[in-house]
Amino acid sequence: MASLQCSPAYKSILRQLSTRHLHTRSLAPSRSFLKNSTTSASKPFSTTSAYFRDMTGPNKILTSKNMNEQVRKAEYAVRGELAIRSEELKNELAKGVKLPFKRVVGCNIGNPQALDQKPITFFRQVASLTEYPELLKDENRELALKIYPSDAIDRAKLLLKHIGSVGAYSHSQGIPHIRENVAKFIEKRDGFAADPSKIFLTQGASAGVQLTLQMIVENNKVGIMIPIPQYPLYTATLSVLDANPVPYYLDESKGWGLTTEELQRSFDAAVKKGIDTRALVIINPGNPTGQCLSEQNMREIIDFCKQNRVILLADEVYQTNIYQPEERPFHSFKKVLKSMGPAYEGFEMISYHSISKGMVGECGRRGGYFECEGMCDSILEQIYKISSISLCPNVQGQILVDLMVNPPQKGEPSYEMYKKEYDDIYFSLIKRASILEKTFNGLEGCTCNTADGAMYLFPQIRLPKKAIAAAHAAGKEPDQFYCMAMLEATGVCMVAGSGFGQVDGTAHFRSTFLPQPELFDEFCSGIKNFHANFMNKYRD
């Protein structure tokens, strides 16, 4: 796959994809993200081009003409044209090509360890021991203790007692011992019991989202409510499933706030279109917007779902990335739901968590889980069936889930180091978020809300008319044009707001605040200088 992603053909396809809006059924025609465009850049690929004649010759069975149309329509902005160009620039730097910058900084995706966030030592120690169980034999304990703390050895032995070999398939729903620990974590977090039989371990939260949406989407009349701005996983998955995104808009002027009035407007608009709206996606803390919902707001959302018979899908992967814990603490939807009393028994909800975010940041290990609440047994059986088709989630990802939900405890040998590493990452993220927010708010024509949580800022930029005209002449959205210019000038790769959805006539970009602390001043200075030069170049 890596070689495919670097191929000229693959890059050419994604460059074309990144210039198009999603081909979806619009429920809000005045909003640009879900609007069918009539520009040439929005047309499907032409199979008459020389490139496609080469790729779709008479001897090819599978061609761009007869492939799954829904797959062809799907787009994923965070790995699009900008990300591909950033890889090209990295290769040029490696070959000694002189560029205006010394390094490429990937702020396009929440991938902490790619930007040198250190892994948690205890987690890696346990994982490495499970890979080489010879060290866990009693006769080798003295040797192992020269390298590993005793609690890491004991945890690895306990895990392998329940796993066997990490090279073997596990239970399709996930290793029972680890699901039990996830249930204990949820109970400790929320104060309400969790049932391991209703917890499914997955290859990251994304796999859980895709699986559950697959269960919910019965036909092409089904709609799923998604926030705008949203994480492109949702629109891409709905496109593949030939389902309808039902957009509701977050209010940028109110810190990306959400009202039930807006939810009801969106739902009612879908009803008028003949769409059967089945579920509501809530990303909390928000991606790309960084807001964190209040408990009262969450109660209102649950009431909305109950009144309109909508399943709640709670994407809570950033639940430990909370930067104003006193003013905006994280509350899980499970906790809020259970606190609302017996009238809400049977309420249908699925919540997701992941090892990729927070202070863990183990994106490449692909581990996560989802918990089903209020689902009937027949649906749980079907979810298990679909899970079993893929045999099992990868075992090392499951191990990291276990470590995330059950880290070293006070009094254990590894606790002090774990606590220090965790806190160092956490407080550094708070500091970097604040610095980058001030940087963006100091740019001409740019405003940026505070990040209550997650790993991103989503500033709005007001570009000169000349810049907008130049973007359109180049066949790009204005924010895509701006981000590409920034990448070429500074090596900083961000994602254009048009890839996440935004109110018509506005322009944004998403940036992580994950670059290394020691590079942060240089990183921010580069953005300031680029922006000033860009605005002067296109000044009206």
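**Charged and aromatic contacts around a parallel strand core**

With a relative accessibility of 14%, E262 counts as buried; the term buried applies under 20% relative accessible area, exposed over 50%, and partly exposed in between (1.4 Å probe, protein chains only). The structure is a predicted model, in which local features need pLDDT of at least 70 and side-chain atom pairs count only at pLDDT 80 or more, whereas totals for chains, interfaces and linings use all residues. Residues are numbered from 1 along each chain as its sequence is written, and side-chain values use heavy atoms, with hydrogens and water left out.

The side chain of E262 meets that of R265 in a salt bridge at 2.8 Å, N to O. A salt bridge is defined as a side-chain nitrogen of Lys or Arg within 4 Å of a carboxyl oxygen of Asp or Glu. Both residues belong to helix α12 (residues 260-272), where they are 3 residues apart, about one turn of the helix; helices (H or I, at least four residues) and strands (E, at least two) are DSSP runs, numbered from the N terminus. R265 is partly exposed, with a relative accessible area of 34%. Salt bridges that share partners join R85, E88, E92 and E488 into one network. R85 and E88 are separated by about one helical turn, because they are 3 residues apart in helix α5 (residues 81-94). A further salt bridge links R189 and D190 at 2.8 Å between the closest N and O atoms; R189 is partly exposed at 22%, while D190 is buried at 6%. The structure holds 22 salt bridges.

Strand β5 (residues 276-283) is largely enclosed by the rest of the structure, because 6 of its 8 residues are buried. Strands pair if DSSP finds at least two bridges between them. β5 pairs in the parallel sense with β3 (residues 222-228) over 4 bridges, and A279 in β5 stands opposite I224. β5 also runs parallel to β6 (residues 311-315), to which 5 bridges join it, with L280 and L312 as bridge partners. From β5 the chain passes through helix α13 (residues 295-308) to β6 in a right-handed β-α-β crossover; right-handed denotes a clockwise path from the first strand over the helix to the second, with the strands pointing away from the viewer.

Aromatic pairs number 20, where rings of Phe, Tyr and Trp (its six-membered ring) pair if their centres lie within 6.5 Å, planes under 30 degrees apart being stacked, over 60 edge-to-face and the rest tilted. Y323 and Y426 form a tilted pair, 6.3 Å centre to centre with 35° between the planes. Y323 lies in the loop between β6 and α14 (333-338) and Y426 in helix α17 (residues 415-441), 103 residues apart. Y323 is buried at 8%, as is Y426 at 12%. Y323 and F513 form an edge-to-face pair, at 5.8 Å and 70°. F513 lies in the loop between β14 (509-512) and α20 (520-537), so this pair ties together parts that are 190 residues apart in sequence.

The charged end of R510 sits over the ring of Y456, 3.9 Å from its centre, and that of K306 over the ring of Y344, at 5.4 Å; this arrangement requires NZ of Lys or CZ of Arg within 6 Å of the ring centre and within 35 degrees of the ring normal.
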